[in-house]
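Trainee: I would like to go through the disulfides here. Can we take them one by one?

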Amino acid sequence: MSTSSFQTSVAVFALLILHAGALDTFTAAVYEHAVLLPKETETPVSRDDALLLMNKNIDILEKAIKQAAEQGAKIIVTPEDALYGWKFSRETIFPYLEDVPDPEVGWIPCQDPHRFGHTPIQARLSCLAKNNSIYVLANIGDKKPCNSYDSRCPPNGYYQYNTNVVYDMTGQLVARYHKSSLQ
């Protein structure tokens, strides 16, 4: 997906999430940075190594989120693949994925990070939103278990999704969008 079409999709998504009809105007921030990429490998890295890389990229995003909030932005849109990059196979991306639940469950990862398994990346993004009173839109990888009775279930037993998530000013997960490629 091109950057401009991604940003257009994000802008529409952000308007829906903010319930813009309730606001006359709001300030939005869109942020780009040079993503710290993992070393190319044909074998998956450990979950710890994946978390280390993602946290380094979140360290960079954290500064932008704080700055945007200080300048009055109500939402910040972070880059696609900003947490881990984009050069992966289905197998090598797996350590970077977390289970992203349906937003209707009313979850604030910052307050209850283990409710849906080990979700340190979602907890950190949620806390950044909450601690800075700003909506945070980020792109992360989601995994959903499936079973062998499902003929489409991949061999590893998980569906994997390139996913946009939004955390509101309280840190609550308010939107999850599983992206699809129409090729």
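What follows is a short exchange on the cysteine links of this predicted model.

Trainee: How many disulfides does the structure hold?
Mentor: A disulfide is a covalent bond between the sulfur atoms of two cysteines. C110 and C127 form such a link. Another joins C146 to C153. The number held by the structure is 2.

Trainee: Where does C127 sit, relative to its partner C110?
Mentor: The sulfur atoms of C110 and C127 are 2.1 Å apart, and the two form a disulfide. This pair links distant parts of the chain, 17 residues apart. C110 lies in the loop between α3 (90–93) and α4 (120–132). C127 lies in helix α4.

Trainee: Which hand does the link of C110 and C127 have?
Mentor: Look at the angle about the S-S bond. It is 100° for C110 and C127. The link is right-handed.

Trainee: Is C110 buried or partly exposed?
Mentor: Buried means under 20% relative accessible area, and exposed means over 50%. C110 has a relative accessible area of 21%. That value falls in between, so C110 is partly exposed.

Trainee: Why does the disulfide of C146 and C153 count as right-handed?
Mentor: C146 and C153 are joined, S to S 2.1 Å. The disulfide is right-handed because of the torsion about its S-S bond, which is about 75°.

Trainee: Are C146 and C153 buried or exposed?
Mentor: The cut-off for buried is under 20%. C146 has 17% relative accessibility. C153 has a relative accessible area of 17%. So C146 counts as buried, and C153 is also buried.

Trainee: What is the pairing in sequence order?
Mentor: Number the bonded cysteines of the protein along the sequence. The pairing is then 1-2, 3-4.

Notes: Residues are numbered from 1 along each chain as its sequence is written. This is a predicted model: local features need pLDDT of at least 70, side-chain atom pairs count only at pLDDT 80 or more; totals for chains, interfaces and linings use all residues. Side-chain values use heavy atoms; hydrogens and water are left out. A disulfide is a pair of cysteine sulfur atoms within 2.5 Å. Helices (H or I, at least four residues) and strands (E, at least two) are DSSP runs, numbered from the N terminus. Buried means under 20% relative accessible area, exposed over 50%, partly exposed in between (1.4 Å probe, protein chains only).
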